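Visitor: I should like to learn how to read the helices and the surface of a model such as this one. Where might we begin?

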Amino acid sequence: MKTTPNTSNALKETLATKIFWSFVIVHVLLWSILPELARYTPSYDIIEAVNWAQQLDWGYDKNPWVIGWLTRLGIDIALGKSFLGYYFLQQ
């Protein structure tokens, strides 16, 4: 018995993969840009994280070091002009 490849399943998987990655990209972009546009001021947690990022300390029990480092990376992504890089890294 001869088997033929099922191209319909391959097309469905390709379409599903494209839909998934499109959703992920739109989700990340929207949830990175919308807080920057919708919020007049950032929350206290963001301000606190930015303060930790200014120091780049190793942190302590309540505030682990990785938060400050990632916040600093987000600040550098946005060139220090907005919280867009921070919102992007949250995603």
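**Reading the faces of a helix**

Guide: The face of helix H2 turned away from its buried side carries the exposed residues Tyr44 and Gln55. Please note that the model is a predicted one.

Visitor: Which residues of H2 are buried?

Guide: An α-helix has 3.6 residues a turn, so residues three or four places apart point the same way. In H2, the buried residues are Ile46, Ala49, Val50 and Ala53. Viewed down the axis of H2, these buried residues fall within an arc of 100°, so they line one face of the helix. The cover over them includes H3 and H4.

Visitor: How far apart are the end C-alpha atoms of H2?

Guide: They are 17 Å apart, which agrees with the 16 Å that the 12 residues of H2 (residues 44-55) should span at 1.5 Å a residue. H2 is followed by Leu56, whose phi is positive, near 55°.

Visitor: Which element gives the most to the nonpolar patch?

Guide: H3 does, with 7 residues. The patch lies on the surface, has about 850 Å² of accessible area together, and includes Leu56, Ile67 and Phe88. The elements giving two or more residues to this patch are helix H3 (65-77) and helix H4 (84-90).

Note on methods:
Residues are numbered from 1 along each chain as its sequence is written. This is a predicted model: local features need pLDDT of at least 70, side-chain atom pairs count only at pLDDT 80 or more; totals for chains, interfaces and linings use all residues. Side-chain values use heavy atoms; hydrogens and water are left out. Patches are made of residues with over 30% relative accessible area and no salt bridge: like charges are joined within 9 Å, nonpolar side chains (Val, Leu, Ile, Met, Phe, Trp, Tyr) within 5 Å. Accessible areas come from the Shrake-Rupley method with a 1.4 Å probe; for residues, only the protein chains shown count as cover. A salt bridge is a side-chain nitrogen of Lys or Arg within 4 Å of a carboxyl oxygen of Asp or Glu. Helices (H or I, at least four residues) and strands (E, at least two) are DSSP runs, numbered from the N terminus. The expected span of a helix is 1.5 Å times one less than its number of residues. Buried means under 20% relative accessible area, exposed over 50%, partly exposed in between (1.4 Å probe, protein chains only). The arc is that of the directions from the helix axis to the C-beta atoms. Contact means heavy atoms within 4.5 Å.
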